[in-house]
Amino acid sequence: MKRILFVLSLLLMAAMLLTACGPAATEPPAGTVAPATDAPATEAPAMPVVLKIASSANITTWDPVASFSTEAAYLANVYEQLLRINPPGSAEQYIPLLAESWDVSDDGLSYTFHLRSGVKFHDGEPMNAEAVKKSIDAAADHAGASFIWLPLKDVEVVDDLTVKINLTYAAPVDLIASSLYGAWIVSPKALDAAAADENFWSDGKSYGTGPYVVESYTPDAEIVFTRNEEYWGGWGDGQYEKVVVSIVPEAAVRQQMLEGGEVDLATALPVENLDTFKNDPGYSVHEEPSFFNYVGFFNTLRVPLDDVKVRQALSYAIPYDDIIAIGAKGLGTQSFGPVPAGVFPWDGSVFQYTYDLEKAKALLKEAGHEGGGFSIRLTYAAENATEEAFAPLIKDSFAQIGVDVTIEPMGFSQQWELAKTDPANAQDMFLLLYWPTYSDAGADNMWSMYYAGAEAPYLNVTKFNLSYWKNDQYNALMDEAGALTATDYEGSKAKYVEAMNILIEEAPSVFFFDTMAVFVVPNRVEGFQYNLNYPFVQFFYYDLRAAE
Amino acid sequence: MRVLDFILRRLFTALFVLVGVSVITFFLSRVIPNDAAALYIGPKARTEDIERVRKQLGLDKPLPVQYAVYMGELLRGDLGNSISTKRPVTQEITERLPATLELLFAGMIIAVLVGVPLGVLSARWQGSPMDVFVRMISIVGVSMPAFYLGLLMQIAFFRHLDLLPLAGRVDSDLRFISPIQPITNFFLLDSFLTLNWVAFKDIFLHLILPASTLAAYPIGLIARMTRAAMLEVLGQDYIRTAQAYGIRQVVITYMYALKNAISPTLTVIGLTIAYALTGTFFVEVIFNWPGLGLFTVRSLLNVDYPAIMGVTLFGAGGYVLINMIVDLMQAWIDPRIRLK
């Protein structure tokens, strides 16, 4: 037995040696539970007011400039933009964050922002015009979402607290400056450090002005935030001192943690299990419109989909209600064109196709395809369970008008690669989940997905107009509308609606449904309000309060 | 001399195995039709940005050149940067390894402490209800999938009995009550060394369910192996002689018989450690255990090929190492192997 113990202890030692190898071993790992300088273990500090969240959102980078993914859920509590957009229906369109007010020149070509005074970054640097200029320049140069600053000419420092943003063409800088991506104002020291060291952002760091700072980060496991005591907004009763986020990829585990009281909030709960919470008076369930919608591009370069009548026929042969019931488990609403409900320039007056097989058959007959008789290759992103669920409904329905569908799941990047590089051999129908980068679906959804480039196959710079559709009148209206957004909201919207009507009539794609976001909030947490303009944020910790 | 010779020979073959593994995983991960540069930069990137990243990652070069570059960096201990986290893969692995090993060792200790005595008891009373019971347990242990067993245990011990925590490595309140001082990053050991009993208890409770889930398969295997080896040894003449001398049965079973029967069990233990390393993948996902398994699953889902390569090479290295150690141990325990 002694030898066995010896063997086991040797194995243990070998394993410890294994852990000791590797270059990172000399420095303490980033994710330790507490720095060694903390109070000795025997002392029990008073328990702070803690908010616990089980979140599905992973961190792909802590770099607020590069960020273009799910980490926005956390960065939004650490960093601030000049402005934040309020949810639709609010009295004010914006909450002034780092800018207290702003003026627009008459031609819409320059925006002057007056900054909040006395704000400091987490590293103690002052937040001023120089810092704003440096952040916007960095974002325009190398952000994940640099393209939102395409209209930018330069950023001018007028005085310490006044900054002027000059444009090459009129654009709504107020919307751009409140974007979730590419618009954070970051400490200039951090930007310099990141330029010198490419691994600067590899650990959880805070160089913003927001209400919380990152206390510790254990990859794939946990992030702990603590109050920025000097936050310019101040602190009131019931606001959380600490926020502990457990990163939990499994939806069922998140649900169990919420039900068992291990956490106060959980994101992305399994929608099929929501009834448990709906029937429990201890929780409120919020179902809200979201930023996301599903479209299905037709390949308009190919016979017979080049015929508008055929595309209209197929648009009438989509079982919208069933698709929402099965694909979205009921949590969706049929789209009014390409813009998700609640986002500028959404309008409920535009035409919606209904599920009408007789009309579909009649249109096919008009187009010279009586009884169908052609086939369609449909691709969708294999990783998208919603598309996987509703794609067969399209096949069934099209079969009833004599159109045969071959369904082909692909990895999203493969699907996109095929569609943008080789339209001649690409799919006939392409299912896509889309969302605007910032709260202007005119400049994003309507432009990215339907604005035609100059030459066949008419791809524009975003490479998302994958129906290869070209309509000069639509393009012209889009140009006019885009130029108006900065100075004349209503005028711009009217142009967008006109363009939408052409788009929907021409039916280069199917507009399936806008998704809904679901949040379960226990009564012990107060102050929750979903803001659809920031779909990846879910919770602004500063707004939440522990109930008495 | 003979031992040194043996080790050198094993090291040489190990090198072959590792190079083979690296070639296969490298080329497999590159032929999967996926645009790594597009994945790296994220959704909605402009074409020119994707091309910039492609150059930056060296993905524009021919495959053999890419492989040579990769191996060159590997020799300097650099496994490249993960596509999804943008951090060095080496750092990702070393940071998560203690969590996985802690789970692995806890599982293996349970497996040995439960499996060996079960096997001995079952052999000692062959044919008795005890034997039937042990054989049943081993079959269940070996055949029940870890993800199913793990979920059952969660439902039983968290949901209904409320005895043990659901998931994770520590309670999130622990940092405020009694934070762990990291020394080895084996939390149980660290809290023990710093006499932090509050943390020790919490970590211990968190370990029970995942470690037991992980131990189920090895318990079955070890019990069956021990039983078979013990049966063979117990039937031998020297055992009968010992019995004739009137030596107590306990002494005979555990001192004389088990020692000779343990060699095959040891091989099994060594192999199951390596097997259990992949078992941690399921267990870590179910119990949200922040180790290598969770990282690997995430890397696979994101087609994060530098991370997949890194973990595979690391796993293969560990496997080879454990096998070698087991071989050496056998020679140590059983002089017959040494003499051959």
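Reader: Which residue in β16(A) is the bridge partner of A:G296?
Author: Start with the strands, which are DSSP runs of E of at least two residues, numbered from the N terminus, while helices are runs of H or I of at least four. β12(A) pairs with strand β16 (residues 429-434) in the antiparallel sense over six bridges, and two strands count as paired if DSSP finds at least two bridges between them. In β16(A), the partner of A:G296 is A:L431.

Reader: Before I go on, what pLDDT do local features need here?
Author: Residues are numbered from 1 along each chain as its sequence is written, with chains lettered from A and ligands numbered from 1 in the order in which they are written. Side-chain values use heavy atoms, leaving out hydrogens and water, and since this is a predicted model, totals for chains, interfaces and linings use all residues, side-chain atom pairs count only at pLDDT 80 or more, and local features need pLDDT of at least 70.

Reader: Back to β12: over how many bridges does it pair with strand β17 of chain A?
Author: β12 covers residues 283-298 and β17 covers residues 509-522. In β17(A), A:N293 has A:D514 as its bridge partner. The pairing is antiparallel, and the bridge count is 11.

Reader: Which are the edge strands of the open five-stranded sheet?
Author: The order is β8-β9-β10-β1-β11 (chain A), with mixed pairing. β8(A) runs antiparallel to β9 (residues 222-227) over six bridges, and A:Y212 finds its partner A:R227 in β9(A). In general, side chains of a regular strand alternate between the two faces of the sheet. The strands that pair on one side only are β8 (212-218) and β11 (265-266) of chain A.

Reader: How far apart are the C-alpha centres of the two domains of chain A?
Author: Domain 1 takes in 52-282 + 523-546 and domain 2 takes in 289-516, with bounds from an automatic or database domain assignment. Between their C-alpha centres the distance is 31 Å.

Reader: How much area is buried between them?
Author: On the contact side (heavy atoms within 4.5 Å), 28 residues of domain 1 of chain A meet 20 residues of domain 2 of chain A. Buried area is the accessible area (1.4 Å probe) that two parts lose on being put together, summed over both. Carbon and sulfur atoms give 71% of it, and the total is about 1,700 Å².

Reader: How many salt bridges does the rule find across that interface?
Author: The rule wants a side-chain nitrogen of Lys or Arg within 4 Å of a carboxyl oxygen of Asp or Glu. The structure holds 24 of these over all chains. Across the interface of domain 1 and domain 2 of chain A, though, the number is zero.

Reader: What is the N to O distance in the salt bridge of A:E358 and A:K361?
Author: These two residues both lie in helix α10 (residues 357-366) of chain A. They are three residues apart, about one turn of the helix. The side chains meet at 3.8 Å.

Reader: What omega does the cis peptide bond joining A:A456 and A:P457 have?
Author: A:P457 is in the loop between α13 (442-450) and α14 (472-484) of chain A. Another cis bond joins A:V303 and A:P304, with omega about 0 degrees, and A:P304 is in the loop between β12 and α8 (308-316). For A:A456 and A:P457, omega is about 5 degrees.

Reader: And what phi does A:K329 have?
Author: A:K329 is in the loop between α9 (320-327) and β13 (332-334) of chain A. Although A:K329 is not a glycine, its phi is positive, at about 50 degrees.
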